[in-house]
Amino acid sequence: MSNFRIAGKGRVNRSRQVRFSFDGVDYTGCEGDTLASALLANGVHLVGRSFKYHRPRGILSAGSEEPNALVGSNRGNGRFEPNTRATVLEVFEGLKTESQNRWPSLTRDIGAVNDALYMLFSAGFYYKTFMWPKSFWDKVYEPVIRNAAGLGKAPTAPDPDVYASRFAHCDVLVVGGGAAGLAAALEAGRSGASVILCDEQSEIGGSLLSEPTAEINGQLAWDWLEDTNAALAAMPNVTVLPRTTAIGYYHQNFVGLCQRLTDHLSIVPDGAPRERMWKVRAKQVVLAQGAIEKPLVFAGNDRPGVMLAGAARTYLNRYGVKVGNRVVIVTSHDSAWHAAFDLAKAGVEVAAIVDVRGTVPTQLVAAADALRIKTLIGWTITGTKGRLRVSSVRVNPVTTGGKVGGAETIACDALLMSGGWTPSIHLFSHTQGSLTWNEDGQMFLPGRGKEECRLAGAGKGRFGLKAAFEDGAAAGAAAAADAGFTAQPASYHVEGELSFTGVTGRELPTDRDPGHAKAFVDFQNDVMAKDIRLAVREGFKSIEHIKRYTTNGMATDQGKTSNINGLAVASDALKRPIPAVGLTTFRPPYTPTSFGTFAGYNKGELFEVTRKTPIDGWAAENGAVFEPVSLWRRAWYFPQVGEDMHAAVARECKAVRSSLGMFDASTLGKIEIVGPDAAEFMNRMYTNAWTKLAPGRCRYGLLLGEDGFIRDDGVIGRLSHDRFHVTTTTGGAARVLNMMEDYLQTEWPDLKVWLTSTTEQWSVIALQGPNARKLIEPFVEGIDLSEGAFPHMAVATGKIFGVPTRLFRVSFTGELGFEINVPARYGRAVWEKLFEAGQRFGITPYGTETMHVLRAEKGYIIVGQDTDGTLTPDDAGLSWAVGKTKPDFVGKRSLSRPDMLVPNRKQLVGLLTSDPKTVLEEGAQIVLDPNQPVPMDMVGHVTSSYWSAELGRSIALAVIQGGRSLQGQTVHVPMPDKVHAATITGMVFVDPENTRLSA
Amino acid sequence: MLLIRCPYCEAERPEVEFTYAGEAHIARPADPSALSDEEWRDFLFIRTNPRGRHFERWRHMHGCGRFFNAVRDTVTDKFAMTYKAGTPRPSDEEIALAVSASSAATPAEEARP
Amino acid sequence: MLLANHPLLGKTIPGDTASRLSIRAAEDVARFSLRIDPAAAQSAGAAFGTPLPTRIGRLVEAGGRMALQLGPDEWVLTAPVAESDGIADAFAALQEPHSLVDIGHREVGILVEGEAAALALRAAIAFDVDAMAVGTGCRTLFDKAQIVLIREDKNRFRIEVWRSFADHVWGILHAVSREIALGL
């Protein structure tokens, strides 16, 4: 491989060579290289194929704005990322990279046939070319297009990396570590303000890294930079974050930063996060993000070897890499001339400087003459040649009248272009700050801001180092002052400034038909100037519509290099000035950001909170299968060897009905309601009457929303005159407490009552079955468990196995039952004691599935399963739980609204299938006449459906319009296999007389 | 993430500690049974949903636990002020006063080139 | 008495050096949630044996007992486990209407100590932990888990978290301590 590294140039560490590969070929780079600089050092320009036309593409830029050079990067151990920008990716020993969107290889790519068929793929081709026949869209066109077009392939294996996040608060956040940002950080840091300075590059310095010969206050730029970095590092109030991109700017100066921690390391320490999301709240923000160079728009401007002039200068000065041996410059702006000069001085042959302007500053022409560089002032470029790398350019003179003369061809292996510079106002735009069009500079500049934010330097249109330093210093000092500190901005003396005048790029004039020119505007989405003109011809006038129709600026680079050029082409086509055409909106993130960074710690086990009960460990050790219930994981069933779920649940059900089962009910929501007005509060919240409930007794409580629909239910025990122990559904605990607090705080603040969540204070063990009392009697102290003293729906405090208990005599199974509340730290020990002692009754642990079957056999509802937020107490058959004589409770007034009184409301009923073996699907729709045409009139749906081992048949609950009046009638349930007939019944299937409760 | 001033804690706290709780100053009628169906419907369902200034309720759920009221602009998302539950709807003058007291001189002008 | 158990019982996360970061489960304490009209805070303080703080976020500590005000009418009281019954009895005799609820088993304590303690907490706490005054406490969110955070000293924090959320908090602290040990 030829070596394009130039001795004595650049900042990369020549003594630290690293080996990496691209498309299976091994290369050597230096520590400090990006993949792009390392490939260019090896003479590689061709790095990818374009999105739509599969055109060969090279490296356009030297920064995060890169639209072309996207590669798949493999950092080993399953760490693969598609669409990594080669200009950002730092090389390290062992890095493996590959090109994308090509088959079978980058140099010979079948998809390149699209380039010849480009007329098919013009703006809006999706909507036009492939509309007929319609049936072909899903099956043929779309899959083929999707397969051929596109970027890299997403990895299919889970991301092996971990990610981090961190909140930070500071006085001044400075985004961008170039001249302006450094000056701002210095001023703010010296003032004593807490400062965070972030920059997306691996090294702080911005454009200073490409300006080794400039002198700042008498120091060479790199010496000044070294001293400045040391000065900032010595300030304990300043945090400097390289490799950290400010991706989004949100309300109240909340800025998201993505810090890359380990992507540049060849060996990643175990457990080291790949990236960290900083969530910074800054009192003041200084945005010093610099400017992005614009490409010129002309035929063949996308060929490998065609590059931004500023990028070529960066590769030369920062990385010590020449981008070619014989280069041509084409420009509308002074800055590209400096690239030519630097390259010429480094020994690169500069074949010509083509400047499309009629006049150019004389000192530039003089400097070019001194270096014997041919200058073509007032010329245009009308084409390039070279299949996989530019080999020549076609240039033509343009008369003052705009007439394009005869062409000349100049051989070259690199073409460097500049259409001027676009201030990076992306983050400012995130704040919805307004933009103003600057006619002189042909650029959008920040207008009125909406946050405590300043811009500085090139990002605000202040080009040149001195302007950037002084603007940055002023912004830093002012930001510090606004944050309450005192600062006096320093002044800067700079030698060796670049010249920064120019005109903005329009599509360059040509002697050929511009309707056939492959003059690219958006390289990543393959949008050409003629596509934009076509969109205008087809009637699109708004830039937002043109953007979406042509996809200009919609790629992963968000049009960093294409937006202004696209706007200029649209403006010409619409014959309206640029500010009248407008600019599309920039949105976060500033650059593509991994999902992992957004997820932070929330992946794998920490994806979401998994709440576990004190007894969870026992269940896990004893083979429980778990199911998620809100944030909890609950034991679903306890299969024994050889059992499937059906067998396990049947066995568990049988054990409870015949002897004894035990169930972990710890997840039940619990609220302690205490105070002299506790009963009054209960009266107002719940439908039931509470005043007369004696201490030591329980009642089923039904809670409605103000709209009259069932919100929650649970058994409530009165412990004393002024203390209630309320239980809620597992999923409803937080919601119910919030609702109660809302009423208490804002409607009835006069009530002397307070609410405390005790869900996790108590571990709850439900013992259910005819032998329940026999089991616990020997172990309970202080409570007379006899039927007379402690009947169904009683509650008492005492001790069990020596630990305090709140013992409830309740049943959600229809059997004799207790719910033993013990302080949570004793939950597991009490459970184990009961399990041990219960062996003589064949005690059987059961899970939520058995609990569901047993309660359904008794017609006990589950709020949220049998109700869906549209059922009133009457709909659910719970009118008995409504205190008719109470003057008011939450939801009462709604129960008499007209809609609540119509006879045909959906009501909860039982269903028995004609075939007892059929277990209906929960959620299945119900119809009265199965022979009616589709769509059928659906009168309800199945809410609960199980196999009842007790009955040896299936049972179901359902809501059906006017269901209670249809008892005994047959309805039909269409399911995928067939339509099942079922009979409407009452809701209680087992022991309707409740004799077992008091067994 | 917004910063919200809790009028009970007397401190600005991050938005994640708060939950939104709908429009403010809609008191539950003292005697719902005295309301017509239409009046009750309006109480239940009809809200102002303004573009701009909105009087609304928040709860410092993961903080002091209190419900309170806020004046927020639904376009800019900016809070003009927050105040304790049970205090009356602030007047235009009070809101203007709160805004001018909380916002220091804005450097928006300086963002201009 | 039976074996008392909680998810973090006896657990520690060793940092790189104990001085930089050390995380461990706290010894058990008795905990109560006290709700009372702030006008009656003085008599409640008398019942508790330690005066109650009178501003949200402030805490008072004396003789092994601690009172932290969490809301306008809400305090959390802690004491050695053995003093639990005595505290309950003392409040039972308090005339002013109030609510005292035992939450000793609801929560688990985690101690985060060392020079990097605040940095570690900043991984998952949105408010400005660095600016939190010593001797204050508040309810907040740690990632998705509600906690009470107390700054006992410049480099010592105590997290109180509902027991079923403790594993989640612990898991994040574990990941964070690894980053900090690696100097990342």
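A polar contact is a pair of N or O atoms within 3.5 Å, where within protein one atom must be able to donate a hydrogen and the other to accept it, and where residues adjacent in sequence count only if both atoms are side-chain atoms. This is a predicted model, in which local features need pLDDT of at least 70 and side-chain atom pairs count only at pLDDT 80 or more, while totals for chains, interfaces and linings use all residues. Residues are numbered from 1 along each chain as its sequence is written, chains are lettered from A in the order in which they are written, and side-chain values use heavy atoms, with hydrogens and water left out.

Between chain A and chain C there are 23 residue pairs in polar contact, both residues being at pLDDT 80 or more. Among the elements that give two or more residues to the side of chain A that touches chain C are β15 (273-287) and α22 (827-837) of chain A, and β8(A) gives the most, with six residues. Helices (H or I, at least four residues) and strands (E, at least two) are DSSP runs, numbered from the N terminus. By class, this side of chain A has 27 nonpolar, eleven polar and 13 charged residues; here Ala, Val, Leu, Ile, Met, Phe, Trp, Tyr, Cys and Pro count as nonpolar, Asp, Glu, Lys and Arg as charged, and the others, Gly among them, as polar.

Contact means heavy atoms within 4.5 Å, and on this basis 51 residues from chain A meet 49 residues from chain C, whereas 13 residues of chain B are in contact with 14 residues of chain C. Buried area is the accessible area (1.4 Å probe) that two parts lose on being put together, summed over both. Chain A and chain C bury about 4200 Å² between them, 57% of it on carbon and sulfur atoms, and for chain B and chain C the value is about 1000 Å², with 56% on carbon and sulfur atoms.

A salt bridge is a side-chain nitrogen of Lys or Arg within 4 Å of a carboxyl oxygen of Asp or Glu. The structure holds 75 salt bridges over all chains, and three of these pairs are listed here.

| Salt bridge | N to O |
|---|---|
| B:Arg66 and C:Asp73 | 3.6 Å |
| C:Arg35 and A:Glu741 | 4.0 Å |
| A:Arg357 and A:Asp334 | 2.8 Å |

In the pair within chain A, A:Arg357 lies in the loop between β19 (349-355) and α9 (362-370), and A:Asp334 lies in the loop between β18 (326-331) and α8, so the pair ties together parts that are 23 residues apart in sequence.
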